[in-house]
Amino acid sequence: MQAASASALSALADPPARMVDGAAMDYLLIEAVNALRVSSAVASARAKKIEHDMVEAGLVPPPPPPPPAKQQNPRDSASSTSGKIPGPADEDEGVRSRLEAIGMHVGGNFAERLCRDRPLFSDSLDVIKFVCKDLWVSCWDKQVDNLRTNHRGVYVLQDNAFKPISRISSWEGRQEALKRAKLYVALPAGIIRGALSRIGFQGTVVPEITTLPQCTFQIKLPKNT
């Protein structure tokens, strides 16, 4: 009887890990980006309608007229970087910020679980090593390929085959694929920032993609940490 009670208490104190399919996070990220893009478009349209109604009612002054558009050179193509490409840039920025906020919540929970039986970190380098090994393996099934630092609070983490963007491509070409990939690394950047914040290290995380599927994250931490 006592052995059964002890085993029951042990199961409650340390429940067995629940496994999920390795591709579940990839599918979840795809659907999350699409859902947040639609949600951001609806929220933007609602805000514009409210602003229009308030202008019509005379409650707020009308917004200033937009500046005249520059005439495009006929020799430039529609995808040329010299002209403004029509697209939901503002909506993508809203989606990016919301993905990062979700990632911060997820990263904080990951850090709590991974650091449960660890001693306190002594300095920022130990924290970055924890991110490169423990956090990276838990989230993306491998360790960071390269770590560089200037020993003044700036760390550059490089993953040569970053899992969240390893399957991204576009029939419109390399530049469009890179543009899409930059949106999909907002959630991982939030995970890293959230994990650091939960441990007690406030900093900035800036992802950068130059060649798919390689991705680098520049982490800046205060010098006094």
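**Exercise 1. A salt bridge and its surroundings**

Is Arg198 buried, partly exposed or exposed, and what is its relative accessible area? Then describe the salt bridge that Arg198 forms with Glu112.

Solution. 

Step 1. The model is predicted. In this model, Arg198 has a relative accessible area of 37%. Buried means under 20% and exposed means over 50%, so Arg198 is partly exposed.

Step 2. Glu112 has a relative accessibility of 47%, and it too counts as partly exposed.

Step 3. In the salt bridge between Glu112 and Arg198, the closest N and O atoms are 2.6 Å apart.

**Exercise 2. Other salt bridges**

Find how many salt bridges the structure holds, and examine the pair Glu100 and Arg193.

Solution. 

Step 1. The count of salt bridges is eleven.

Step 2. One of them joins Glu100 to Arg193, with 3.1 Å between the closest N and O atoms. This pair also links distant parts of the chain: Glu100 lies in helix 3 and Arg193 in helix 6, 93 residues apart.

Step 3. Arg193 has a relative accessible area of 33%, which makes it partly exposed.

Step 4. Another salt bridge is formed by Asp117 and Arg116, where the closest N and O atoms are 3.5 Å apart. Both residues are exposed.

**Exercise 3. The order of the elements**

Write down the secondary structure of the protein chain as a pattern, then describe how strand 3 and strand 4 are arranged.

Solution. 

Step 1. The protein chain has six helices and four strands.

Step 2. Along the sequence they follow the pattern α-α-α-α-β-β-α-α-β-β.

Step 3. Strand 3 covers residues 204-208 and strand 4 covers residues 215-220; the two run antiparallel and are joined by five bridges. For Val205, the bridge partner in strand 4 is Ile219.

Step 4. Six residues lie between strand 3 and strand 4, and the two strands form a hairpin.

Step 5. Pro213 is in the loop between these strands. The peptide bond joining Leu212 and Pro213 is cis, with omega at about 0°.

**Exercise 4. The nonpolar core**

Which residues have the most contacts inside the largest nonpolar core, and which helix gives the most residues to this core?

Solution. 

Step 1. The largest nonpolar core has 42 residues, and those with the most contacts inside it are Trp136, Leu157, Ile165, Ile192, Leu196 and Ile219.

Step 2. Elements that each supply at least two residues include helix 2 (24-56), helix 3 (89-114), strand 2 (154-159) and helix 6 (186-199). Helix 4 gives the most, with nine residues.

Step 3. Take Ile192 as a case. Apart from neighbours within four places in sequence, Ile192 is in contact with Val131, Leu135, Trp136, Trp140, Val205, Phe217 and Ile219.

Step 4. For the whole protein chain of 225 residues, 28% count as buried. Among contacts with a separation of 6 or more, 62% are between residues 24 or more positions apart.

**Exercise 5. The surface**

Determine the exposed area of the protein chain and describe the nonpolar patch that contains Met54.

Solution. 

Step 1. The protein chain exposes about 15200 Å², and carbon and sulfur atoms supply 57% of this area.

Step 2. Ile50, Met54 and Leu59 form a nonpolar surface patch with about 290 Å² of accessible area together.

Step 3. Met54 is located in helix 2. With a relative accessible area of 32%, Met54 is partly exposed.

**Exercise 6. Positive phi values**

Where are Asp141 and His151 found, and what is the phi of each?

Solution. 

Step 1. Most residues other than glycine have a negative phi.

Step 2. Asp141 is not a glycine, yet its phi is positive, about 65°. Asp141 is found in the loop between helix 4 and strand 1 (146-149), and at 53% relative accessibility it counts as exposed.

Step 3. His151 also has a positive phi, near 60°. His151 is in the loop between strand 1 and strand 2, and it counts as exposed at 71% relative accessibility.

Notes: Residues numbered from 1 in each chain as written. Predicted model: local features only at pLDDT ≥ 70, side-chain atom pairs only at ≥ 80, totals over all residues. Heavy atoms only, no water. Pairing = 2+ DSSP bridges. Buried < 20%, exposed > 50% of the residue type's maximum accessible area, 1.4 Å probe, protein only. Contact = heavy atoms within 4.5 Å. Areas by Shrake-Rupley, 256 points an atom, 1.4 Å probe, with all protein chains shown as cover. Core = buried A, V, L, I, M, F, W, Y, C linked by side-chain atoms within 4.5 Å. Patch = residues over 30% accessible without salt bridge, like charges linked within 9 Å, V, L, I, M, F, W, Y side chains within 5 Å. Salt bridge = Lys/Arg side-chain N within 4 Å of Asp/Glu carboxyl O.
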